[in-house]
Amino acid sequence: MATVVRLTKIGRKKRPFYRIVVTDSRKRRDGGYIESIGYYDPMTNPEVVKFDAERLEYWKSVGAKLSERVERITK
């Protein structure tokens with residue numbers, strides 16, 4: 001199974017809010033996920049990014065790929 005760490009949208013129209021989740025790469029963007037490790041709110045000033053760094057490192061160590069956006073916001 002190819003796992004990926006990516007964003008899933010849970011916000012409403014014109015007010016996006018995202019969860020940072022670990023999921024199977026074949027699932028849809030808002031489909032089921034294995035584990036939720038944080039969230040990202042781009043509409044606040046400054047943008048709010050909260051995530052469990054320990055769990056992110058664990059998933060990277062077992063071979064999960066990060067999406068471009070997750071890689072950018074978790075640095």
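## Helix α1 and the sheet

In this predicted model, helix α1, spanning residues 53-61, lies across β1, β2, β3, β4 and β5. The helix runs at about 120 degrees to β3.

The sheet itself is open and consists of five strands in the order β4-β3-β2-β1-β5, with mixed pairing. Strands β4 and β5 (65-66) stand at its edges, and each has a single partner strand, so one side of each is left without a neighbour in the sheet.

## Strand pairing

Strands of a sheet pair through backbone hydrogen bonds, in either a parallel or an antiparallel manner. Here β1 and β2 run antiparallel and are joined by seven bridges. Within this pairing, Val5 stands opposite Val22 in β2.

Strand β3 (residues 35-41) and strand β4 (residues 48-51) also run antiparallel, joined by four bridges. The two form a hairpin, with six residues between them. Gly38 stands opposite Phe51 in β4.

## Aromatic pair Phe17–Tyr39

Across the whole structure, a search finds three aromatic pairs. One of them is formed by Phe17 and Tyr39 and is stacked, at 5.5 Å centre to centre with 25 degrees between the planes. The assignment as stacked follows because planes under 30 degrees apart count as such.

Phe17 lies in the loop between β1 (3-9) and β2 (18-24), whereas Tyr39 belongs to strand β3; the pair therefore ties together parts that are 22 residues apart in sequence. Phe17 is partly exposed, having a relative accessible area of 25%. Tyr39 likewise counts as partly exposed, at 32% relative accessibility.

## Aromatic pair Tyr58–Trp59

Tyr58 and Trp59 form another of the aromatic pairs. Their arrangement is edge-to-face, with 5.3 Å centre to centre and 75 degrees between the planes. This class applies because the angle between planes must be over 60 degrees for a pair to count as edge-to-face.

How does the burial of each partner compare with the cut-offs, buried or partly exposed? Tyr58 has 38% relative accessibility and counts as partly exposed. Trp59, at 11%, counts as buried, because buried means under 20% relative accessible area.

Methods:
Residues numbered from 1 in each chain as written. Predicted model: local features only at pLDDT ≥ 70, side-chain atom pairs only at ≥ 80, totals over all residues. Heavy atoms only, no water. Pairing = 2+ DSSP bridges. Phe/Tyr/Trp six-rings, centres within 6.5 Å; stacked < 30°, edge-to-face > 60°. Buried < 20%, exposed > 50% of the residue type's maximum accessible area, 1.4 Å probe, protein only. Contact = heavy atoms within 4.5 Å. Axes fitted to C-alpha atoms, helices over the stretch in contact; angles between N-to-C directions.
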